[in-house]
Amino acid sequence: MTTVLITGANRGIGLELARQYVAEGAEVIACCRTPSSADALKELAAASGNRVRIMQLDVADETSIAALKGQLDDQPIDILINNAGISGLSADRIDAEGWMTTLRVNALGPMLISQALHESLKRSKEKKLVALTSIMGSTSTATGGRYAYRASKAALNNGMRGLSREWACDGILVGLLNPGWVQTEMVSGQTAYISAGECARELIRRIAELTPATSGVFQDYRGVVIRW
Ligand SMILES: NC(=O)c1ccc[n+]([C@@H]2O[C@H](COP(=O)([O-])OP(=O)(O)OC[C@H]3O[C@@H](n4cnc5c(N)ncnc54)[C@H](OP(=O)(O)O)[C@@H]3O)[C@@H](O)[C@H]2O)c1
């Protein structure tokens with residue numbers, strides 16, 4: 001059975017990915033900051049026949065990442081999806097704290113988690129590491145605004161691109177996927193053009209199609225290549 005670990009799985013795109021992987025028959029390790037209030041995940045777990053394990057993870061907290069690693073004890077993870085993220089809107093004012101928090105959650109967190117679960121990926125059959133990035137991480141198409149968010153996703157892109165090269169010798173493939181403009185709390189009040197369900201369906205296809213040729217390539221949810 002395929003084992004998929006998803007960060008920020010309690011709502012938005014992460015929750016939809018969890019739902020659809022469960023529907024495909026996968027085992028899902030659904031990570032979230034506050035399991036006690038993750039009602040949608042609990043419902044999914046109850047209906048899944050023991051195929052959803054809800055685990056606590058704050059991606060900005062190294063102690064929490066270490067605890068997750070300890071509990072998983074290097075069990076094989078076929079697909080690790082770094083989905084958790086924040087929009088960092090307040091950082092438009094270029095305040096130091098806002099920037100550091102946005103970088104910590106969106107860029108450093110996925111790198112630390114990938115490092116912590118490297119052995120789990122190596123031991124799995126599929127060996128796929130995925131990060132949800134954003135078109136806003138593209139430097140060549142940057143229009144200004146949302147500076148901290150853009151910088152965090154550009155840093156994430158660079159880090160994941162590096163891992164795709166360095167870990168290729170372990171057979172690990174890296175998916176660097178922009179989900180599109182998706183109707184979730186992150187963009188509430190704006191007219192996003194794709195539902196979380198539709199987005200998750202396409203992301204799962206792209207992850208299934210990953211090859212050494214597309215590993216470390218910046219792509220959108222339809223597989224269209226994005227300029228760095
Ligand atoms: N929606 C879009 O149009 C869009 C576009 C481009 C990229 N993305 C990217 O797609 C990913 C998912 O976004 P979304 O639209 O589903 O956003 P969302 O609805 O706001 O969900 C964000 C998720 O991340 C979690 N999270 C935030 N900080 C965390 C932390 N420190 N530790 C653990 N989990 C944390 C949230 O958990 P809590 O409930 O605990 O806050 C929530 O589960 C993000 O990386 C985002 O940057 C989204």
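**Briefing on the predicted model**

Glu97 counts as exposed, at 64% relative accessibility, where exposed stands for over 50% relative accessible area, buried for under 20%, and partly exposed for values in between (1.4 Å probe, protein chains only). The model is predicted, so that local features need pLDDT of at least 70 and side-chain atom pairs count only at pLDDT 80 or more, whereas totals for chains, interfaces and linings use all residues. Residues are numbered from 1 along each chain as its sequence is written, and side-chain values use heavy atoms, with hydrogens and water left out.

**Ligand site**

- The ligand sits in the largest pocket, a pocket being an open set of points on a 1 Å grid over the protein atoms alone, with protein on both sides within 12 Å along at least five of seven lines; a molecule sits in a pocket if more than half of its atoms lie within 2 Å of its grid points.
- Helix H1 (12-23) and helix H6 (147-166) are the elements that give two or more residues to the shell around the ligand; helices are DSSP runs of H or I with at least four residues, strands are runs of E with at least two, and both are numbered from the N terminus.
- The ligand is surrounded by 29 residues, of which the closest are Asn10, Arg33, Tyr149, Val182 and Thr184, where a residue is near a molecule if one of its heavy atoms lies within 4 Å of it.
- By class, this shell has 14 nonpolar, 10 polar and 5 charged residues; Ala, Val, Leu, Ile, Met, Phe, Trp, Tyr, Cys and Pro count as nonpolar, Asp, Glu, Lys and Arg as charged, and the others, Gly among them, as polar.

**Polar atoms facing the ligand**

- An N or O atom in the side chain of Asn10 is 2.6 Å from an oxygen atom of the ligand.
- Of the 890 Å² of accessible area that the ligand has on its own, the protein covers 93%, with areas taken from the Shrake-Rupley method and a 1.4 Å probe.

**A buried side-chain contact**

- Thr3 lies in strand S1 (residues 3-6) and is buried, with a relative accessible area of 6%.
- The side chains of Thr3 and Glu27 make a polar contact at 2.8 Å, the term standing for a pair of N or O atoms within 3.5 Å, of which, within protein, one must be able to donate a hydrogen and the other to accept it, while residues adjacent in sequence count only if both atoms are side-chain atoms.

- Most residues other than glycine have a negative phi.
- Asn50, although not a glycine, has a positive phi of about 65 degrees; Asn50 belongs to the loop between helix H2 (39-46) and strand S3 (52-56) and is exposed, at a relative accessible area of 76%.
- Arg146, also not a glycine, has a positive phi of about 45 degrees; Arg146 is placed in the loop between strand S5 (128-132) and H6, and is buried at 18% relative accessible area.

**C-alpha separations**

- Glu97, in helix H4 (residues 96-116), is 79 residues along the chain from Leu176, and their C-alpha atoms are separated by 27 Å.
- Glu126, in the loop between helix H5 (118-122) and S5, is partly exposed at 29% relative accessible area; Glu126 and Leu173 are 47 residues apart in sequence, with 8.5 Å between their C-alpha atoms.
- Ala40, in helix H2, is partly exposed at 26% relative accessible area, and its C-alpha atom is separated by 23 Å from that of Tyr193, 153 residues apart along the chain.

Terms used. On a 1 Å grid over the protein atoms alone, a cavity is a set of points where a 1.4 Å probe fits but cannot get out, and a pocket is an open set with protein on both sides within 12 Å along at least five of seven lines; lining residues have an atom within 4 Å of a point.
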